[in-house]
Amino acid sequence: MQLENSYVQKSDPIYQLPSSSIGRAHFLAPYKKIGGFLLETYWFAVVILLIMIFFGYLTYMNNFFPKLLNRITK
């Protein structure tokens, strides 16, 4: 199938490379693209999970949410 002078892959779509360069990709994509780098989806997910754990730890250790609630309710 041709769409605007380009071909659209209809069979085995999981083998396509992602077009977005900010980590977004189609369902079951084997790679995620960050800038010009291709990362395997597994390692991309591990890095995102570690970043989320780090920020969660920082907010917990600094009592961010109780301080925010005290500031809002005053």
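In this predicted model, isoleucine 34 has phenylalanine 37 as its bridge partner in strand S4. That pair belongs to an antiparallel pairing of strand S3 (residues 31-34) with strand S4 (residues 37-40), which extends over 4 bridges. The protein as a whole contains 2 helices and 4 strands, arranged along the sequence as β-β-β-β-α-α. Its radius of gyration is 20 Å, whereas the globule rule gives 11 Å for 74 residues, so the protein is more spread out than a compact globule.

**The S3-S4 hairpin**

- The hairpin of S3 and S4 has 2 residues between the strands.
- Glycine 35 adopts a positive phi near 65° in this hairpin.
- A further position in the pairing is that of lysine 32, which stands opposite leucine 39 of S4.
- Residues 31-34 make up S3 and residues 37-40 make up S4, and the sense of their pairing is antiparallel.

**Overall dimensions and contacts**

- The C-alpha trace spans about 60 × 25 × 20 Å along the principal axes of the protein.
- Among contacts with a separation of 6 or more, 0% are accounted for by residues 24 or more positions apart.

**Burial and exposed surface**

- Only residues under 20% relative accessible area count as buried, and 7% of the 74 residues do so.
- The protein exposes about 6900 Å², of which carbon and sulfur atoms supply 66%.

Terms used: Residues numbered from 1 in each chain as written. Predicted model: local features only at pLDDT ≥ 70, side-chain atom pairs only at ≥ 80, totals over all residues. Heavy atoms only, no water. Rg over C-alpha atoms; globule rule 2.2 N^0.38 Å. Buried < 20%, exposed > 50% of the residue type's maximum accessible area, 1.4 Å probe, protein only. Contact = heavy atoms within 4.5 Å. Areas by Shrake-Rupley, 256 points an atom, 1.4 Å probe, with all protein chains shown as cover. Pairing = 2+ DSSP bridges.
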